[in-house]
Amino acid sequence: MKKMIKCTINNYPVEVEEGTTIIQAFKKLEQEIAHYCWHPGLSIAGVCRLCMVEIEGNNKLQIACNTVVQDGMVITNQSQKVKDTVRWGLEFHLINHPLDCPICDQAGECVLQEQYMKFGAYQPLMSEDKVKKRKVVDLGSKIVLDTERCILCARCTRFTDEISKTKELGIFNRGDRSEIGIFKNKPLENDYALNTVDICPVGALTSKKFRFQQRVWYLKKAPSVCTGCSTGCNIDVYYNEEGLWRIRPRHNSSINQYWMCDKGRETFKHVNPSGRLKSSFRHTAEQTEKMTTFQALQTLKLDSKKIGLVLTGSYTCEEYDAFLDFFQLHSIYHWKNNPKNFEDYDNFLIRGDKNPNTKGLLESINKRQLKLEDCTQLEQNISHLDLLIVCAPENHKLYPCLEEKINLFLKSKELVWISPHSHTLLQKPINTVWTIPSKTYFEKTGTFINHHGTRQKIKAVASIVDSARSLEEIIHILKTGQTDLTQIASIRDKMKTNYFMEQKGSL
Amino acid sequence: MEHKLLTEHYNKDNYKSLEGYKQCGGYETLKLALNKQPKELVEMVKASGLRGRGGAGFPTGVKWSFLPDNNEPRYLLCNADEGEPGTFKDRMMMEKAPHQLIEGMIISAFAIQSHKSYIYIRGEYTDSISIIEQALKEAYKQGYLGKNILNSGFDHEMDIYVGAGAYICGEETGMISSLEGKKGQPKLKPPYPAVKGYLEKPTVVNNVETLAAVVPIVRDGAEKYKAIGTERSAGTKIFSVSGNVVKPGNYEVPLGYPLMDMINKLCGGLPPGRKLKACIPGGSSAPVLTAEECEKACLDYENLMDLGSMLGSGAIIVIDDSNSMVDILSVIMHFYHHESCGQCTPCREGTGWLDQIVKNILHGKGRLQDLDLIQNISQHMMGKTICALSDAAALPAISFVTKFKNEFIDYIQQNKISSDNLNQVV
């Protein structure tokens, strides 16, 4: 244990660990302190000069990010001296910054804009010409740079130097001609590149996919867990009544710190209504019948059938438990996205196991001392089965072997396909196929266990497809023969109406 | 009177060769030093009162004693990136007496027990580079450098590193960044170079003149050196005098020498018919002195500080009444705008802003409120950045605008009248 030392910040006494910087102490106390270049996940640059504090007994103001708290220090950032300095620091940032907030994608989540509003710096002192720099600089397939908006905080360069260690970005030239840039023929294409967009305090770095799509103040955000792989990065999901728009990392010091991979940011598209399976179907060689999930489950007739079950790691622990407790199963198979690189790991966040809850699946199986066979075993056994239930992956894109496996499943006498998405191969079968819409992580409550065995709760945020049912709900219907789901507490959560449907006023 | 302690033999033709240097007692002091205890040498330099000659004037011996007492490799860096406008003393020292610097460096390295040193030379100093290169070769050949120097058991390697022409690389941590192969940008302090410098190892950075001055200190003793100059500014200093004087050049005088004596007695006074208007006593970053202040000024650290200026690198720029102060400030502001490394916002944006405002005044587009604005900008650039470049730009701006305000107002108002007339014509 580190030694604790005492100091006073803005008249509040606080105890911090020895070696804590003043800015960390401010954050601990939740005292406001302006800063652009400091980021808790990066090294200290000390260049924006905004986090100035006054320390008793020291005539010169110090930057809070690079000054370590000493025992008995009396620190303030509320003195007139500090306020003037911060006000001027803002002025220096603004003199060459284009005031194009109305067309800037960062507007609404721009720290420079926040300070500008806070200080009411509406009358610029500068009447001279602004420095002209490059606009719309293409940094690669993902990111666009506006060097005039850039305040040269060096967060992005520190990210590529220290975190992704790919070193694509640099600051070129000097003085007020300084610009962020890439080296010739070396675009910013690493797997974590979009983190630079998150940490950019202004609208200098913007994501090609997200820019001009939505104004951020019309989006609502909700905490969740990334389902792109078994790392389970903590995320914030940004959504409105039309669906999901973007995903950003949420801090979790033991899992993803402040970061996530660019692939993970894509894992919202399969949640959105377009392409989702919106009702249950029964496909036979002759006809396709549309029905409710309740009707579909009624027509299954499970009694005295030999049932095989295929599971993927996309579902919550609670769903596995409900499913495994209910069925008398002949055999259970584990469908992996890609057995060859299932164990891959890039030594940072990306894992080859593209499922959020493989550990949870294994736990549920082991708890019941069941046998989990690899999906390749199904080939030999499929003819012995009367019915095959496939709890298909939530995000089909992460399963390169999808079509090959569907063709295998179709050999079964009867097939139940549970997934948020259908597939064209399923719609013209030789035998009978039921397709039943399931919920995505955004619509259900439950637990994921990540690669390290960390249990993480996800909560239903809103419903996207009303007819979709979680595995728990499907079992509930099968058990009780009732469609009323409000008896299950977790299900009541899921039936929350979309916030925007009710709250949306005139824009 | 000139006091030629370092520059004594500079007029001898072969002094820059090892042979010529030895004829004048060269490398004898090194033998003396190698027989002493390193700590003894540090104490000696401390006792001599020698202060850094590069600009900041920090006591050299104290700087050396900041090195942590551990077994990590340490580095001695010689700052020969002389870039302060008006300064040209290091260049002369390297060109006239390369071995004096090398000897001073070996003694200093022995004192701080460093086995590797670099001389970081400004890239434009092509002559200095080739002369030092030649001198290093000779020194290695004669066993003054390399393994087991003069059978003392002390090893030391010395190399040259050539800068690429950035003023900021004269700042010690900027120089370290450049030497490490990075962009020449100052580093955050703490940690200070004495603890984590070049390659994150303990490092001492000293100016050419400082290191050369170690030779007479060790040779003649600290007492003798301390007796020269004033109580708190000991020793001699080489001043680079430029501007409106009859005989510009480098002059070595004891510290505390009157400024007017320097101008009138040593440099032959101002050109005939001219009147002294102002003087910058310590390089372009030092606040300017008016003619009246010059009368009171003595060339030492304390006296100039009392007058609100500084000794800096010892570059005296003499300005007579034929010059426009707006013009001169514009040149100085352009320089700092050009040389700001761009890391810290107040400096990056402030230097450019000041440059533009002063240029506008010069070109007849000034406004009266600009004078207050210059003061305000400068005040908020000072002491707010990683290194002192921001201060270096702010100090002259404030002093020029305060001390020669009327001249600036003249520029603004005369031009205003002419532009008003222009409007009427239109």
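1. Glu91(A) counts as buried, at 4% relative accessibility; here buried means under 20% relative accessible area, exposed over 50%, and partly exposed in between (1.4 Å probe, protein chains only). Its partner in a salt bridge is Arg87(A), with the closest N and O atoms 2.9 Å apart. A salt bridge is taken as a side-chain nitrogen of Lys or Arg within 4 Å of a carboxyl oxygen of Asp or Glu. Arg87(A) is partly exposed, with a relative accessible area of 24%. An α-helix has 3.6 residues a turn, so residues three or four places apart point the same way.

2. On the basis of the note: this is a predicted model, in which local features need pLDDT of at least 70 and side-chain atom pairs count only at pLDDT 80 or more, whereas totals for chains, interfaces and linings use all residues. Residues are numbered from 1 along each chain as its sequence is written, chains are lettered from A and ligands numbered from 1 in the order in which they are written, and side-chain values use heavy atoms, with hydrogens and water left out.

3. Chain A has 13 helices and 23 strands; helices (H or I, at least four residues) and strands (E, at least two) are DSSP runs, numbered from the N terminus. Its C-alpha atoms fill a box of roughly 85 × 50 × 45 Å along the principal axes. Of the 507 residues in chain A, 59% are buried. Where contacts in chain A join residues at least 6 apart in sequence, 64% of them join residues at least 24 apart; contact means heavy atoms within 4.5 Å.

4. The domain assignment divides chain A into domain 1 (4-93), domain 2 (111-271) and domain 3 (280-492); such bounds come from an automatic or database domain assignment. Between domain 2 of chain A and domain 3 of chain A, the C-alpha centres lie 36 Å apart. In this pair, 32 residues of domain 2 of chain A are in contact with 25 residues of domain 3 of chain A.

5. Domain 2 of chain A and domain 3 of chain A bury about 2,400 Å² between them, 64% of it on carbon and sulfur atoms. Buried area is the accessible area (1.4 Å probe) that two parts lose on being put together, summed over both. On the side of domain 2 of chain A that touches domain 3 of chain A, β12(A) gives the most, with four residues.

6. Between the chains, 34 residues of chain A are in contact with 34 residues of chain B. The area buried between chain A and chain B is about 2,700 Å², with 55% from carbon and sulfur atoms. The rule finds one salt bridge across this interface of chain A and chain B: the side chains of Arg174(A) and Glu339(B) meet at 3.0 Å, N to O. There are also 20 residue pairs in polar contact across the interface of chain A and chain B (both at pLDDT 80 or more). α2(A) gives the most to the side of chain A that touches chain B, with seven residues.

7. Glu319(A) forms a salt bridge with Lys444(A), the closest N and O atoms being 3.0 Å apart. Glu319(A) lies in helix α7 (residues 317-326) of chain A and Lys444(A) in the loop between β21 and β22 of chain A, 125 residues apart. Glu319(A) is buried, at 1% relative accessible area, and Lys444(A) is buried at 0%. The loop between β21 (432-437) and β22 (446-449) of chain A also holds Glu443(A), which is buried with a relative accessible area of 1%. A polar atom of the Glu443(A) side chain lies 3.1 Å from the backbone nitrogen of Ile464(A).

8. In chain B, seven of the eight residues of helix α8 (residues 172-179) are buried, so this helix is largely enclosed by the rest of the structure. The buried residues of α8(B) pack against β1 (75-80), β2 (116-121), β3 (157-162) and β4 (203-207) of chain B.

Definitions and conventions. Polar contact = N/O pair within 3.5 Å; in protein donor to acceptor, adjacent residues only side chain to side chain.
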